[in-house]
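Visitor: I should like to understand how one reads a protein structure. May we go through an example together?

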Amino acid sequence: MQKIASKLIQVMAECSQIPKNGVNDFHHYKYATSADVLEKVNSALVKHKLASVVMPEVVQASEVLNSKGNAEQRVTVKVTITLVDAESGESLLLVGLGSGQDVGDKAVMKAQTAAIKYAYLMSLAISTNDDPEADSRTDENSSRHEPSTANSSSGSVLQCSDCGSKITAGVMNVSVNKYRRPLCMRCQKKLQDVA
């Protein structure tokens, strides 16, 4: 593993930071796009003769109701990325999870995109120049509004801190970023209507 590790260190140095060029107009936040991550990572992998093979696997799929009461598909995908050094033959596995939700046929693609993006971000220690711990309000609000969980047969379930309804990790992340506490879509809408 010495040769592939040496190359990965070079890839990590070249991909150490990716700016947040994407904008979610609906929820008002910026994010590092999957295209930006893949472009930078792929360029560095190719430069150092590392091949990347992605194998996705759907690990969970269910039908859920969105905030308007319409049925949508929610899918969680696990990706296993095999990095192979073209010169030494050494290989390394990276794993990532991602979830996607869509009214049409895009839930799997959204989940795969998130899984691949975060597998590379986490495994290659790529910064997007944000740190929730840098905001003292986050610490204060976290202690007041810890996301509550309830045990179920499928594991922990996230709940809205105001009404107690179940929420997804994605909804919680957006809510915590915007309102500094986990809120369901209905409670977020109430706050938007007040503002």
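**Salt bridges and helix faces**

Guide: In this predicted model, Asp162 and Arg181 form a salt bridge, with their closest N and O atoms 3.4 Å apart.

Visitor: How many residues apart in sequence are the parts that Asp162 and Arg181 tie together?

Guide: Asp162 lies in the loop between β7 and β8, and Arg181 in the loop between α5 and α6. The pair therefore ties together parts whose separation in sequence is 19 residues.

Visitor: Is Arg181 buried or exposed?

Guide: A residue counts as buried under 20% relative accessible area. Arg181 has a relative accessibility of 18%, so Arg181 is buried.

Visitor: Which residues join Lys7 and Lys49 in one network of salt bridges?

Guide: The side chains of Lys7 and Glu87 meet at 2.6 Å, N to O. Lys49 also forms a salt bridge with Glu87, at 3.5 Å between the closest N and O atoms. Through shared partners, the network joins Lys7 and Lys49 with Asp85 and Glu87.

Visitor: What span should helix α2 have, at 1.5 Å a residue?

Guide: Helix α2 holds 14 residues, 34–47. The distance between its end C-alpha atoms agrees with the expected span, which is 20 Å.

Visitor: Where on helix α2 do its buried residues lie?

Guide: Ser34, Val37, Val41, Ala44 and Leu45 are buried in α2. Seen down the axis of α2, these buried residues fall within an arc of 120 degrees, so they line one face of the helix.

Technical notes. Residues are numbered from 1 along each chain as its sequence is written. This is a predicted model: local features need pLDDT of at least 70, side-chain atom pairs count only at pLDDT 80 or more; totals for chains, interfaces and linings use all residues. Side-chain values use heavy atoms; hydrogens and water are left out. Helices (H or I, at least four residues) and strands (E, at least two) are DSSP runs, numbered from the N terminus. The expected span of a helix is 1.5 Å times one less than its number of residues. Buried means under 20% relative accessible area, exposed over 50%, partly exposed in between (1.4 Å probe, protein chains only). The arc is that of the directions from the helix axis to the C-beta atoms. A salt bridge is a side-chain nitrogen of Lys or Arg within 4 Å of a carboxyl oxygen of Asp or Glu.
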